[in-house]
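Colleague: I have the model open and a few things to ask. Can we go through it bit by bit?

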Amino acid sequence: MRNVMLSDNHLCEQVWLSAKDAANPAVRALLEVEAGTAVQLNQVLGGTKYAALFPRLIGYELDAIEPFLLYAAPRGPSIARNSAMSRVALKTIARDLMLALCLLADQNLVPRGVSPDTVFWNGISVQLWGLEAMTRTGQPRRPWGRAPFCSPEQRRGEGIADPRDAVWSAAQVLYWLETGRPGPASRAPADLGDHAILEQMVRSAFAPRAVDRPMPAQVLESMAPGAARQVRLAVPTDETAPHHAAFEKALRRKGQARAARTRYGSDSVPENGEVLCPYCLEIMRFDPTKLFVPDIRMQYKPLDLKGIHSPVLRTDILRGAVQECTGEPGFPAHYIPVPYLTNGRPLTVVMVGQFSAGKSHLLTQMVAAITDGGLEPFGLEWQSVNPEQHARFVRHRVHPLQDGKALDHTPALGVKDFPRFVDSLLITAPGGQVRPVAFFDLGGQDLVRTDAALRFLAGVDALVFVIDPVLALPLPQLDHARQRWGVEVSPGGDPSFGTVLDRLPRTGAYLDVPSAIVLGKADLLRFQPPVDRWLNRPPVTSLAPELMHEESRDVYGLLRQHAGPAWLSPFDAIRQCTLHIASATGGQEDYGVYPAGVGPRRVLEPLVSLLAMHGLIKVPGGTAEPPVAADTLGAESVARPTSTTSPRCTVHLTLLDERPRAGAYVHLAVELVAESSHPWGRPGAWPSLDIVAVPLSNVEVTPASTRYAPGRTEFRIRAAEPGTHCLRLTFLDHDTGVVLQQVETDLDIAGPGSTEMGQSRATPRRGRS
């Protein structure tokens, strides 16, 4: 961190990495965490009185050779410089610390670096720094910090992160301020009783285990009654609910529409050996008398198979051979690779998007991910259709991009030219079914043509619509990119979308070409909800329809809320259409190169979705419809259910005590109930789930976290005072730490002598159910 002076003579703090440090992925990841936390807090708390509790972010640049963050100067020095505090100051620091921890806990954030070095004090209020040490509730603990300010469990890297980890840290800071010396690293100070102010405020915060400590809201409530509830009311309400509801409504409409597809079947062998030419759309059959091979000058010369008797040699030669298509006399001469004609039904994929949308970069990284084994977890194997074509694609596209060089824009077609696929692969499914998959990548200028150049679209099998967020989303964090590239927001959508949709054959209420919409260049929105939820997930290794449903819903909600209906026109027009978040490069180019290198994120998920729609990847549950609903994703051989709603899994909470009273333990049972058609609805199909219980008012909950066991999962809750108390339950995948669902429930607790019966009601947490 260093001081910098802006042009308007404002002193700022800059957190930056040298080029050497920036090349270290672990160090760069810390800067990403800090930037993401700062942006999130600014989005949630900006305009509230609580914003001053955290550093104010002025700007950042994470794609530079030396990435940096720029903050407003701290409000006062760190308390490490001055440990002499009055009783009034100590109480104010304690209150502000707990306010900050409450706000972070409400955002599922756990600060691991609370210490005298990260707590700043200007004599009036606290400001908490050290945002690079943030982690999320429920993530595995990793050793971090120094004793005694880091909790014992955090120091050892045991269990999962809990907001009460930071309560220990705050208590240790207060003890240090009060006594001038650090406390014990693993227990409460022996002289705690000699300091009445600490005894009153944070005695139980020194418990060695997080489960035995109070939550930040409980400590805050004991210091300032009513403050915790004010914190909850200050956080802006979620605005995505109506857009998510619109998504579910659109799915139900699609579910009611009868599928009209006639030629997108999953046959392993084309009927009578007939294959649709991907260029002129005439029927072709393999004809050994019309074969050609390239010579050393890459000119085609006729191939005569009569003198080739070795079956091994014959097979190898045919892999590099092409066949001339003579279907339409007036069409320019064109040739099709032989393996394209001699394997299963071809599957053609077209990238759609206007100029500079990032189609070529995304397609290049898709192919690179396949060749790196990205489809192997799904049981799929690959081989090039034409070795020379694939080698050329790798040489001219994959290698330069992976070396950090931006690809050139796709050139426009000539007047008499026609679209050709840029690469093609043979994909082999677990049962031995082989299908050629060919990729078309046209320039945006050609995708708005209305002449014969786009006639080939009448025969395509799948589409990938790529959205440029700079053109679609009028979000302020994209203003810099718009200014740099000299573009403006386009509320009318992408003109290529309308042109392509208009050229597709329609035989019913919806178009029946399986498609995926990709919000590309997502690194520009890496800290924007819900992009931040999906972008940093590890590469997909198994088909999870319920997560695909959630991602589609989140992207739909973001586009509907900020971009407008024109950008969602493919989803509205096409029956089977998923939505995805992806970044082909992980950062932005600067003068033709990527200073931070290239790090693709989630580039294969759209293709996985399309392969599942075409039956190459089986949907979990066999013949059962996946929970993402048939309108969004489903194998083509799967029977369509009569229900028009997605199978659900709901959380049932039951208060087992008839008369819950303050001071006594009550028991809350947790049960997950899945419909029979849900993947979890089959006997023994429950995944490994962790449940984290976070009290949002002054109640004690044990255990703090537990592994879900059907019929045997309970929490014990004890409230010190009567009234309505709130509890949040977070459900996480045990293996990945991914948050699957959150619910909040209100518990009505009577006084010690009351005879009234208590109540429990569960309501979905904002945007997380």
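Colleague: How many bridges join strand S11 to S12, and which way do the two run?
Modeller: Three bridges join S11 (residues 291-294) to S12, and the two strands run antiparallel. Strands here are DSSP runs of E with at least two residues, helices are DSSP runs of H or I with at least four, and both are numbered from the N terminus. Two strands pair if DSSP finds at least two bridges between them. Before we go on: this is a predicted model, so local features need pLDDT of at least 70 and side-chain atom pairs count only at pLDDT 80 or more, while totals for chains, interfaces and linings use all residues. Residues are numbered from 1 along each chain as its sequence is written, and side-chain values use heavy atoms, with hydrogens and water left out.

Colleague: Which residue is the bridge partner of Phe 292 in S12?
Modeller: Pro 302 is the partner of Phe 292.

Colleague: What sheet do those strands form, and in what order?
Modeller: An open sheet of four strands, ordered S12-S11-S13-S14, with antiparallel pairing. Its edge strands are S12 (300-302) and S14 (335-337), each of which pairs on one side only. From one strand to the next, the twist averages 40°.

Colleague: Next, S15. Is it buried or exposed?
Modeller: Six of the six residues of S15 (residues 347-352) are buried, so the strand is largely enclosed by the rest of the structure. Buried means under 20% relative accessible area, exposed means over 50%, and partly exposed is in between, using a 1.4 Å probe and protein chains only.

Colleague: Which residues are on each side of it?
Modeller: Leu 347, Val 349 and Met 351 are on one side, with Thr 348, Val 350 and Val 352 on the other, and all are buried.

Colleague: And which strands is S15 joined to?
Modeller: S15 is joined to S18 by five bridges, running parallel. Val 349 stands opposite Phe 439 in S18. Four bridges join S15 to S19 (residues 462-467), also running parallel. There, Val 352 stands opposite Phe 465.

Colleague: Where does Pro 430 lie?
Modeller: Pro 430 is in the loop between S17 (421-428) and S18 (434-441). Its relative accessibility is 62%, so Pro 430 counts as exposed.

Colleague: What is Pro 430 in contact with, leaving aside its sequence neighbours?
Modeller: Beyond the neighbours within four places in sequence, Pro 430 is in contact with Phe 378, Gly 379, Leu 380 and Leu 616. Contact means heavy atoms within 4.5 Å. The C-alpha atoms of Pro 430 and Glu 381 are separated by 8.3 Å, although the two residues are 49 residues apart along the chain.

Colleague: What about Ser 384: buried or exposed?
Modeller: Ser 384 is in strand S16 (residues 381-384), and at 7% relative accessibility it counts as buried.

Colleague: Which side chain does Ser 384 have a polar contact with?
Modeller: The side chain of Arg 319, at 2.7 Å. A polar contact is a pair of N or O atoms within 3.5 Å; within protein, one must be able to donate a hydrogen and the other to accept it, and residues adjacent in sequence count only if both atoms are side-chain atoms. Not counting residues up to four places away in sequence, Ser 384 also touches His 390, Ser 424, Leu 425 and Leu 426.

Colleague: Switching to helices. How do H7 and H8 cross?
Modeller: The axes of H7 (residues 216-223) and H8 (residues 227-234) come within 7 Å and cross at roughly 125°. Axes are lines fitted to C-alpha atoms, for helices over the stretch in contact, and angles run from 0 to 180 degrees between N-to-C directions. H7 and H8 are therefore oblique to each other: angles under 35 degrees count as roughly parallel, over 145 as roughly antiparallel, 65 to 115 as roughly perpendicular and the rest as oblique.

Colleague: Which residues make the contact?
Modeller: Ala 217, Leu 220 and Glu 221 of H7, with Ala 227, Ala 228 and Val 231 of H8.

Colleague: Last topic, the backbone. Where are Pro 530 and its cis bond?
Modeller: Pro 530 lies in the loop between S20 (515-519) and H17 (531-534), and the peptide bond from Pro 529 to Pro 530 is cis, with omega near 0°. Another cis peptide bond joins Thr 702 and Pro 703, with omega about -10°.

Colleague: What is phi for Lys 521?
Modeller: About 50°, which is positive although Lys 521 is not a glycine. Lys 521 is buried, with a relative accessible area of 17%.
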